[in-house]
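This report describes the architecture of one protein model. Please consult the sequence and the structure shown below while reading.

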Amino acid sequence: MSRHFLFLLGSSRSDGNTELLAREAAEQLPAEAEQRWLSLADHPLPDFEDLRHDSDHVRPTEGSTGLLLDATLAATDIVIASPLYWYSVSASTKRYLDYWSGWLRTPGVDFKATMAGRTLWGVTALAHEEQEVADPLIGTLNHSAAYMGMRFGGVLLGNGSKPGDVLDDTEALARAKTFFAEQPPLARFPYDG
């Protein structure tokens, strides 16, 4: 089965440290692996409206919502490339994940069954030396993948504050070379043992 990687860039600036690290990892993908890169800043979603108890769900076909839904459904691998903002994912990334709640109830999409078995990955740059501060971001992505029955490839962490700093993080660059190499396990909630 050919792989289709969707890289979702959740930074408020282009060519930031997170994107640079994601591109380093993507360079290692096989030539036959399709890559699609979308910036959430370039395709903003409106604030999410929780309509789960309403009955008039309609499949979005236009604008950023339709584009991101179609791109998500077409991907075998979704890479959330979000800088660490206040110890979690960026606002645009969180809004995208909030939309998953609506897509779960969209007629004709069967979002949860479609996503089951696919892989969610994360890439982030942080200004802290102590990588434990990224645990909330990692938890958000792992738990989202677990709920959806997806695989979770973990999060590639790099250190950088000023633009380009991450390219001096030799450990992160070394991890980037093999980040997408393994088939990750199904995500599990901590209480699954």
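## Second largest pocket

In this predicted model, helix α1 (17–26) and strand β4 (119–126) each contribute at least two residues to the lining of the second largest pocket. Helices (H or I, at least four residues) and strands (E, at least two) are DSSP runs, numbered from the N terminus. A pocket is, on a 1 Å grid over the protein atoms alone, an open set of points where a 1.4 Å probe fits, with protein on both sides within 12 Å along at least five of seven lines; lining residues have an atom within 4 Å of a point.

The volume of the second largest pocket is about 280 Å³, volume being the space filled by probe spheres set on the grid points, which are joined across faces, edges and corners. Its lining has 17 residues, and those closest to the centre are Pro83, Leu84, Tyr85, Ala125 and Gly160. By class, the lining comprises 8 nonpolar, 8 polar and 1 charged. Here Ala, Val, Leu, Ile, Met, Phe, Trp, Tyr, Cys and Pro count as nonpolar, Asp, Glu, Lys and Arg as charged, and the others, Gly among them, as polar.

## Basis of the model

Residues are numbered from 1 along each chain as its sequence is written, and side-chain values use heavy atoms, with hydrogens and water left out. Because the model is predicted, local features need pLDDT of at least 70 and side-chain atom pairs count only at pLDDT 80 or more, while totals for chains, interfaces and linings use all residues.

## The sheet

An open sheet is formed by 5 strands in the order β2-β1-β3-β4-β5, with parallel pairing; two strands pair if DSSP finds at least two bridges between them. β2 (34–39) and β5 (151–159) are at the edges and have a single partner strand each, so one side of each lacks a neighbour in the sheet. On average, neighbouring strands are turned by 15 degrees against each other, direction ignored.

β4 and β5 are joined by 7 bridges, and Gly122 has Val155 in β5 as its bridge partner. Between β1 and β3 there are 5 bridges, with Leu6 opposite Ile78 in β3. A further 5 bridges join β3 to β4, where Asp77 stands opposite Thr119.

Helix α2 (residues 63–74) lies across β1, β2 and β3 and runs at about 155 degrees to β2. Axes are lines fitted to C-alpha atoms, for helices over the stretch in contact, and angles run from 0 to 180 degrees between N-to-C directions.

In α1, 7 of the 10 residues are buried, so this helix is largely enclosed by the rest of the structure. Among the buried residues are Asn17, Glu19 and Leu21. Their cover includes β1, β2, β3, β4, β5 and α6 (170–176), with contact meaning heavy atoms within 4.5 Å.

## Individual residues

His143 belongs to helix α5 (residues 135–148) and is partly exposed, with a relative accessible area of 33%. Apart from neighbours within four places in sequence, His143 contacts Phe189 and Pro190. The C-alpha atoms of His143 and Ala187 are separated by 7.4 Å, although these residues are 44 residues apart along the chain.

Asp15, in the loop between β1 and α1, has a positive phi near 60 degrees. Tyr87, in the loop between β3 and α3 (91–103), has a positive phi of about 75 degrees without being a glycine.

Key: Buried means under 20% relative accessible area, exposed over 50%, partly exposed in between (1.4 Å probe, protein chains only).
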